Amino acid sequence: MARPLPTFKEHALREDAFVEGHALCPGCMEAVTFHEVGRATDNGKKTVLTLGTFCGEVSTLMYPNLISWGRGPQSPELFGKSLGVMHNVFESSPTIAEAVRDVATVLEGVGAWKAPSPNVVALSGDGGALAIGLRSLLHTIQRRARIAIFVQMNEVFANTGFQFSPTALPFADSSTAPGGLPEDPIDHVGLAIAAGAAFVAQGSPAFAPFFAEVAEEAINTSNGTAVVFVPSPCIAGWKFEEGLTAELGKLASQTGLFPCFRKRAGEPGEVKHVPEKGKRPPVEQYLVKQRRFEHLARLVDGEIRVTPGREGDLAKLQSYADRNVERLKKWAAF
Amino acid sequence: MTMEPALKLVGDYGARYESAIDLKRVEEMHRPLYDEETAISADGNVAAAIPFLQWWRAIIMAGFPITPATKWLEHLAAQTMGGHFDVEVQGRKVRTKRVKQLEAEHAAADWLAGAAAASRDLVFGTATSSVGLDHMTETLRSLGASGLGNVVVVNVCRATANYPLCIEGDPSDTLGHRDDGFIQVMCRGKQQIYDTLLQLPAVGMHPDVMTPTMPAYFGIKDSHRSARLIVEPDQKVNAFLDEALALGQQGTHPPGLLDGDTSLGNCVTSAWFQSFKVGQKRRIQAALEVLPKVAALFQERFGRPGLQLFEQHRMDDAEVALVCLGPDAGTVLQLLPDLRRELEMRIGVVVLRLLTPFPSQAFAKALSNVNAVGVVNEAHHHGRGHLTLDVTEALSESGRHPPVESFFCGMGGADVSAETWRAIARATVQAARTGKVSQRWHIVHEGVEL
């Protein structure tokens, strides 16, 4: 890194840019992520946020509500605190962010932009980034666009009512795939690395210091695209009890289904917050807290009860979790 | 140390930080391509590309190739990478003008949205055609409603559907996108293409209009054939655009993402949606007022006719009007004296330029004395033709109902020969004599009804 990143404490004391007025569900992890993005971008530089269509857009840019982005209720006097926010169709947030960066680059080059180089951050759902928008995500990465992309991984098309997404875990119930589908989800981390991202991370805000570090590093990446996949428990789509968001965020990593991960291109990366095989919590511990998996297993009087006949499918999910950790270790060494 | 850019509130748009982008500096760093008026030989794609090289406001052009628009991009790529636009700033080589290669037309349109929103004082464009224009549709319609009048999508007309695939010119792409919300202008001939490009951003970026523009010309017939082109000096081109932009009300120009504290692309419920549409409709209709003002200034500065709602040829005494667009108009204009003599009828020709918003009232006025109209559609349509619908709607609004004969010819870039024009004129004259149309539509090739 060209300059040291702020400590967790410095990060936590920064001014947020995600403010009152949003309509995300109580307990939505996306809101936590947006607060972190807000703090990480409070670094004296002008910030531009681009959003594809996803929950995080329709819940934060709903006219005539207050736009829930900004530092303070009015436009700030200080240019370095100001925000430009733009929404365009589902798959477009990496490309519109790249365009903003391109314009800024030419303006800086000719000496028409004298302020510090802006923060340009794309926010997207996992459908926008990895289903309809896989093309735009990978090509923006391939062009080494100097932007940071935060992808909210909730494994469903939540905004349209929890339909199947190619990022869904095997057998996760969704409104268009009742009972789920057996295939492994798309290898999003691998795709981003293979496309040439300068920095790739996966992390839940449930691991607060790790996530703050990752967010800071992504926003300060200056030699290409930084991509952060944020596992985002969806209270309405996954059907879990209130208060479990952070716990599910942690278990997602610890079981090996969505381990914390970070890697700079050309340097060895790390897989974090997942115990060695044998010490990992079995996937059932994670699944039984969500009714989208209740056809596989559920809690009865505090005991995990596996649905008779679904043992094989559970084993398949466990096998995916174990293979996922090994695969991420390989990507870390790539 | 640099000064903190000063905050200025701009109505509903949020705030603009006045000096965040030093536009004067961008202008100073422009490397002029032409210092004096120069006659060159150019095809239509080059004629449409040169303005982007001349405008200091155009710093990056978005690209994804498709026949027959490809040469627009190739020309810009060759020119911008040839060294002419490189400058040295503090010992570093900086390319002041660039081509941005995207991976698909949809991405090109998304990129335009982001770039145009980044700075609303700069002009961003691309060129495409046919299925490329279709691939952009999702974002084109967003752009049409966005207020980003600094977007220019050059459409090089080509038959749209791929069954069968045909890469030659027909305006079914442009006509199929009439509802996207762009100001669509059809051109014919290299000079008209170049001159149209020079004027359109001034219309689109006018504060009353703030609507993206889509100049169009025929693939192959205009894109791939060369002719003499007068290129104006960069200084004059840029001075005109500045002067034309100043025709608009000052101080209402909205902030961009880079120089503003602002948001674009919010979502609404049905309770609010229609009010946005009222604004969009008002803005595109304002083009009917603004376009003639820009055109008048153009004529004053360059001595050539500026943008027109439509061209009129011998309409002053016409009993019958033939309505068409694009380069095939040239044939009928050559034939006009013969047709008048042969058919013993005073025939006039209207060549459409502004397709959206369709200038219905001016059009109906121009046709207020004719007894029949022949409309030449060169694009496939399920019914009587895109242009026929516009023409009949305009006439019906005026309360006059002369028979309107509808013709299909030239589809897929087919030749519209003298014999075809004769057949069209004959059927329209017949309609004027009988007072009614002979059939719902005619499909004509080489003078023969298909």
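Guide: Between chain B and chain A an area of about 4,200 Å² is buried, and carbon and sulfur atoms give 63% of it; buried area here is the accessible area, taken with a 1.4 Å probe, that two parts lose on being put together, summed over both. On the side of chain B, the residues that lose the most area to chain A are B:E103, B:L258 and B:C267, which together make up 16% of what that side buries. The model is a predicted one, in which local features need pLDDT of at least 70 and side-chain atom pairs count only at pLDDT 80 or more, while totals for chains, interfaces and linings use all residues. Residues are numbered from 1 along each chain as its sequence is written, chains are lettered from A and ligands numbered from 1 in the order in which they are written, and side-chain values use heavy atoms, with hydrogens and water left out.

Counted by residues, 56 of chain B are in contact with 48 of chain A, where contact means heavy atoms within 4.5 Å. Turning to polar groups, the interface of chain B and chain A holds 24 residue pairs in polar contact, both residues being at pLDDT 80 or more; a polar contact is a pair of N or O atoms within 3.5 Å, where within protein one must be able to donate a hydrogen and the other to accept it, and residues adjacent in sequence count only if both atoms are side-chain atoms. The elements of chain B that each supply at least two residues of the side touching chain A include β2 (15-17), α1 (23-28), β13 (260-264) and α10 (270-302), the helices (H or I, at least four residues) and strands (E, at least two) being DSSP runs numbered from the N terminus. The largest share of that side of chain B, nine residues, comes from α4(B), which spans residues 105-118.

Charged pairs can be followed as well, for five salt bridges are counted between chain B and chain A, each a side-chain nitrogen of Lys or Arg within 4 Å of a carboxyl oxygen of Asp or Glu. In one salt bridge, the side chain of A:K114 meets that of B:D22 at 3.0 Å, N to O.

Within chain A, β11 (residues 297-300) and β12 (residues 303-306) run antiparallel and are joined by four bridges, two strands being taken as paired if DSSP finds at least two bridges between them. A:L299 has A:I304 in β12(A) as its bridge partner, and in the turn of this hairpin, which has two residues between the strands, A:D301 has a positive phi of about 50°.
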